[in-house]
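This briefing is intended for a reader who is meeting the structure for the first time. Please keep the sequence and the model in view while reading.

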Amino acid sequence: MAKVLIPTPLRQFAEKHDSVDLTGATVAEVLASLTQKFPDLRKQLFNDEGKMRSFVNVYLNDDDIRYLQKDATPVAAGDTLSIVPSIAGGV
Amino acid sequence: MIKINQTAWDAMVAHAEAKFPNECCGAMIGSIAGDVKDVTLAQPLENAYSGAQGARYELRPEDLLEADKKARAAGLDLIGIFHSHPDCDAYFSKTDLENSCPWYSFVVLSVKGGKFDHANSFLPNAEQTAAEKEELIWPKS
């Protein structure tokens, strides 16, 4: 089981859980388990084409999965997945 | 509604004024009860934008992850993001909108001539096409 940390504003879509333990051999499988368990999270994380929203980053422990094997990154028991947005701006 | 306490507000304004004429950025941490978000801690973060920072800011996701961990460890929540607009009003710009996320409150501090002038809070949508203004309460000095 891997632990997925749920950001505060998304807990309303995850029965108020701040984290959830899920099965899955890869990041994609764990995220599929997450959105199966909490279908309302899907719209927050993925667009209508099923692609991860542009501002969503996923970290496996302390590493950005973009620099690993993206959503094919293997997940081991005891790993932690974090969902972190990209944020920038300017006048 | 988002309420910012004195300690957090002082840290936000100090960071915004210290970084003037550049934009500053940071995380707002606290707790949520019903529709009220109480910010009790402001965590200044580094503006990681690689170009001129007078009109741009960028948060490193790793820094935000660390802020979230810090909040969780203290039994608090990451509630929002703040940044400054140097010599400019506290509106939510096109650049802000196109690089936002719908999960957090975004507080913009206007700093004019190096001194805080006014602030507003915004809630962007998931499509990054619109941001609703949110009631913001800060300690008036």
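The points below are grouped by topic, from the overall make-up of one chain to its contact with another.

The model is a predicted one. Chain A contains 2 helices and 6 strands, and these follow one another along the sequence as β-β-α-α-β-β-β-β. Chain A is also in contact with chain B: 18 residues of chain A meet 28 residues of chain B.

**Overall form of chain A**

- The radius of gyration of chain A is 13 Å, which agrees with the value near 12 Å that a compact globule of 91 residues would have.
- Along its principal axes, the C-alpha trace of chain A extends over about 45 × 30 × 25 Å.
- Of the 91 residues in chain A, 31% are buried.
- When contacts in chain A between residues at least 6 apart in sequence are considered, 48% of them link residues at least 24 apart.

- Strand β1(A) comprises residues 2–5.
- Its covered face carries Ala2(A) and Val4(A), whereas Lys3(A) and Leu5(A) lie on the uncovered face.
- One partner of β1(A) is strand β2 of chain A, residues 19–22, and the two are antiparallel, with 4 bridges between them.
- Within that pairing, Ala2(A), a residue of the covered face, has Leu22(A) in β2(A) as its bridge partner.
- Strand β5 of chain A, residues 80–85, also pairs with β1(A), here in the parallel sense and through 3 bridges.
- Leu5(A), from the uncovered face of β1(A), is placed opposite Ser82(A) in β5(A).

**Contact between chains A and B**

- On the chain B side, 28 residues are in contact with 18 residues of chain A.
- The elements of chain B that each supply two or more residues to this side are β4 (57–59), α2 (61–73), β5 (77–86) and α3 (94–98).
- Among these elements, β5(B) gives the most, with 6 residues.
- Sorted by class, the side of chain B that touches chain A holds 16 nonpolar, 6 polar and 6 charged residues.

**Strand pairing across the two chains**

- Strand β6 of chain A, residues 87–89, is joined to β4(B) by 3 bridges, and these two strands run antiparallel.
- In this pairing, Gly89(A) faces Tyr57(B) of β4(B) as its opposite residue.
- The strand β4(B) is also one of the elements that give two or more residues to the side of chain B touching chain A.

Terms used. Residues numbered from 1 in each chain as written. Chains lettered and ligands numbered in written order. Predicted model: local features only at pLDDT ≥ 70, side-chain atom pairs only at ≥ 80, totals over all residues. Buried ≥ 20, exposed ≤ 12 C-beta atoms within 10 Å, placed from the backbone. Pairing = 2+ DSSP bridges. Rg over C-alpha atoms; globule rule 2.2 N^0.38 Å. Contact = placed C-beta atoms within 7 Å. Nonpolar A, V, L, I, M, F, W, Y, C, P; charged D, E, K, R; others polar.
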